[in-house]
Amino acid sequence: MKDKLHQLKLKYQGKKMAPAFNALHTFLYTPNETTHSGSHVRAADDLKRTMNTVILALVPCLLFGMFNTGYQHFSAINGFPENFSLMEHFLTWDNLWVGLVTVLPLVIVSYGVGLAIEFLFAVNKGHEVEEGYLVTGMLVPLIVPVDTPLWMLAIAVAFGVVIGKEVFGGTGMNILNPALTIRAFLFFAYPTWMSGDKVWVHEAVERAGTADAISGETVLGSLAQGSDYSYSLADMFYGFIPGSIGETSTLLILLGGLFLVFTKIASWRIMVSAVVGALVMGLIFNGVVNAGWLPEYSKFYTLMSFPYWQHLLVGGLAFGIVFMATDPVTGSQTNKGKWYYGFFIGFLSVMIRVFNPGYPEGVFLAILLMNVFAPTIDHYVLKGNIKKRLKRFKTATIYPKASDEVDTLKTETA
Amino acid sequence: MSKDIRIRKGLNINLVGAAEQTIAKAVTSNVYALNLDDFHGITPKMLIKQGEDIKAGEPLFYNKNNEEMHFVSPVSGELVEIVRGARRKILTLKILADKEQAYVINKVPDLDTADGEAIKSYLLQCGGWPFIKQRPYDMIADPNVTPKAIFISAYTTAPLAADADFVLKDKEQEIQAAIMGLGKLTPGKIHVSIGKSSRSPFNDIKGIELHKVSGPHPAGLVGTQINKIDPVNKGETVWTISPQDLVMLGELLLTGKFNAERIVALAGSVIKAPKYYTTKIGAEISTFLYASGVNEDRFRLINGDVLTGSKTNTEGYLGFYNNTVTAIPEGDDYEFFGWNKPVFDKISSTRALTFSWLQPKKKYDLDTNTNGEHRAFVLTGRYEEVFPLDIYPLQLLKACMVKDLDEMEQLGLYEVAPEDFSLTEFICISKQPHQQIIREGLDLLQKELG
């Protein structure tokens, strides 16, 4: 097998289809490439391993999302169970089956369309297929509502990969997080579909207007309408609430985040500062409410009086902080810059969430906004380093050259 | 008086096959060769023709840009071959050695009374100058520029490299002479760094500023020490010289003889009995390689250490600046599912199902496989963990790649040499050629700004 593939690789060498073949080949076998210049030995990790680690961290969220899809579906029809038991009501075959038939197609469409475009561009431009989409393709189904039509998702993925990534030069060159570009496209292109109380529960849209009508409002949705929600804090933390597929379980997101920090793949600086930023903004809102500056009839009242730390438990904030804000390509690239970058993501997320009239969620908008500002943040961090160097330069000891009048003239004019 | 430098950021790469601290004498080589690639940026002008005889220490060629700068022959014999490449560029000079070696004995300047100019022209004439390198640009020092300081690192942290303390044993006299000579070439200090508890001969040398360094690699790289002691500013020049070359300079200043002899560490997992050999610059590597024996048929032979050395083969010759020869297995084989299996037998700076963090002291047998393909820069914040210099490595690399001269200057390209980026290159998950990028950046900066 190994030798046969090697022969095939040699056959494809220099041909147009070589990148496509190599992409598949390198999945089976790490290539036989050896060092040519510089260091003769290299560390064990490559981009595939890195991306694989992120996917491993996402798998629990995906599995939970599948069960939760079924759980929300049946609960919306039959009502929530009174004495909830994890094994009896949540981890059941029925729940999983509903999850599989709704979530798996989303995963397949996301990967299928995205990777097809990646391969097309690689073959067309003659470069290797880079692994960036492996994570994007997994993130996309986790951040969309369960009943997103597949054709919408396909269009959004095509838009996100081409406009969000390939036009900038592919993996490593993009300015905006591709997964969030896809999410934003869905939101702005199909706003009536993507918001409201129907898309969060499987089959809610089809049943609307019939006798079997069901609905499931997210916690944030209820808050935005000033109404109450029926979920306990534990429900929110463990994730037994409606929402985008992968975003509901704060517990599993937290575990995934710890795994990514431990493996040194994602930046703990961004995660910590984003949490701090969200708490600060939440505290400010709570403070405004407590000070009595906001009349109770204000449409922001319920969202602003929502306890500051609970913002982390609902909506996509935790998921965004752990898996999207930490995207190294679109985030701040300096360690110092990451503190500012993360802080503003948390801060703005909660702010947009509260003030966004049409749609009570702001994480993806906040991250996309900060993606745009990340290079600016880095620019100022680098400026600091450059200034330090310039300051040192003032005390530089430069001895005149022994000969060369030209050179002394040069330094004088400079 | 000594000052302590503690390096925290870095990574020790522990490999199997460290040279045992015993010295054997290598068989005398028949042919000696100078590889012109060792002298970066030098355009040679030959002083003797093919077929002519030459003595050890007699000039072979000079630098086209500076006629005083001579490069001398390490041995006496006949110049048998001038290997040329594209556009007749000289690649290698091969000298068939005489049975009886004849040396040129130069008239030595009096170290107590001679001034800097006398020392300088003596070193230029007698072939000692090329051992002195400069920053910026990491090349042979420009004799027209006075350096603000000279840096010497006698602390070894590079994987499998020759241990400085061991090879410098009993060389106090030569070192002192070289320090006295070099001291006249700069109004600044001569900074020498040694290991924290090292019994280095530098402990007793006068006329130097001694620094005691501790920490993981790259603490032993001279670039790290320059950055911590007295970084290079725009327009400034510092010189660096390796301690073993210092010994050769010292002998040249004391006896007038260019003695190309040096102690070389032969190391690596492929070598059966890794140890030290006395041989000469330009000697055939096979003269000592097979004395220690090799385990495998196919292996990578490296002139230098595994991070910064240059590729050679069993017909190769010891490089001008090298005192380490390393042999490691070639890794041109496929590995089934190599990208997602847990990894126990390779070094990694992450913990992404790689387990080298569990046993930081374990010795590894690494091969030359890249463990992945070349990709765009993706991860950030990784290089900073192994890069102790006050420089933003990723941003500097990118500035070099896009040839942004202003930014290259502002972010500190003057301060670095390619070897400073050897460790970031090692851990790079995108498998980018960092040292090559920096080298090209330095060449461009020099060309544009002189």
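Author: This is a predicted model. In H13(A), the buried residues are A:Thr250, A:Leu252, A:Ile253, A:Gly256, A:Gly257 and A:Leu260.

Reader: What makes A:Thr250 and A:Leu252 buried?

Author: A residue is called buried if 20 or more other C-beta atoms lie within 10 Å of its own. A:Thr250 and A:Leu252 are buried, so each meets that cut-off.

Reader: How do you know that the buried residues of H13(A) line one face of the helix?

Author: Seen down the axis of H13(A), the buried residues fall within an arc of 160°, so they line one face. These residues pack against helix H3 (47-78), helix H12 (233-238), helix H14 (268-290) and helix H16 (317-324) of chain A.

Reader: Why is the reach of H13(A) called close to the expected one?

Author: The expected span is 1.5 Å times one less than the number of residues. Helix H13 (residues 250-262) of chain A has 13 residues, and 18 Å separates its first C-alpha from its last, close to the 18 Å expected. After H13(A) comes A:Lys264, with a positive phi near 65°.

Reader: What makes S4(B) and S7(B) edge strands?

Author: The open sheet has three strands in the order S4-S6-S7 (chain B), with antiparallel pairing. Strand S4 (44-46) and strand S7 (66-72) of chain B each have a single partner strand, so one side of each is left without a neighbour in the sheet. From one strand to the next, the twist averages 40°.

Reader: What makes a residue of chain B count as being in contact with chain A?

Author: The C-beta atoms of the two residues must lie within 7 Å. In chain B, 68 residues are in contact with 55 residues of chain A. H9(B) gives the largest share of the side of chain B that touches chain A, four residues. By class, that side has 25 nonpolar, 28 polar and 15 charged residues.

Technical notes: Residues are numbered from 1 along each chain as its sequence is written. Chains are lettered from A and ligands numbered from 1 in the order in which they are written. This is a predicted model: local features need pLDDT of at least 70, side-chain atom pairs count only at pLDDT 80 or more; totals for chains, interfaces and linings use all residues. Helices (H or I, at least four residues) and strands (E, at least two) are DSSP runs, numbered from the N terminus. Ala, Val, Leu, Ile, Met, Phe, Trp, Tyr, Cys and Pro count as nonpolar, Asp, Glu, Lys and Arg as charged, and the others, Gly among them, as polar. Two strands pair if DSSP finds at least two bridges between them. Axes are lines fitted to C-alpha atoms, for helices over the stretch in contact, and angles run from 0 to 180 degrees between N-to-C directions. A residue is buried if 20 or more other C-beta atoms lie within 10 Å of its own, exposed if 12 or fewer, and partly exposed in between; C-beta atoms are placed from the backbone. The arc is that of the directions from the helix axis to the C-beta atoms.
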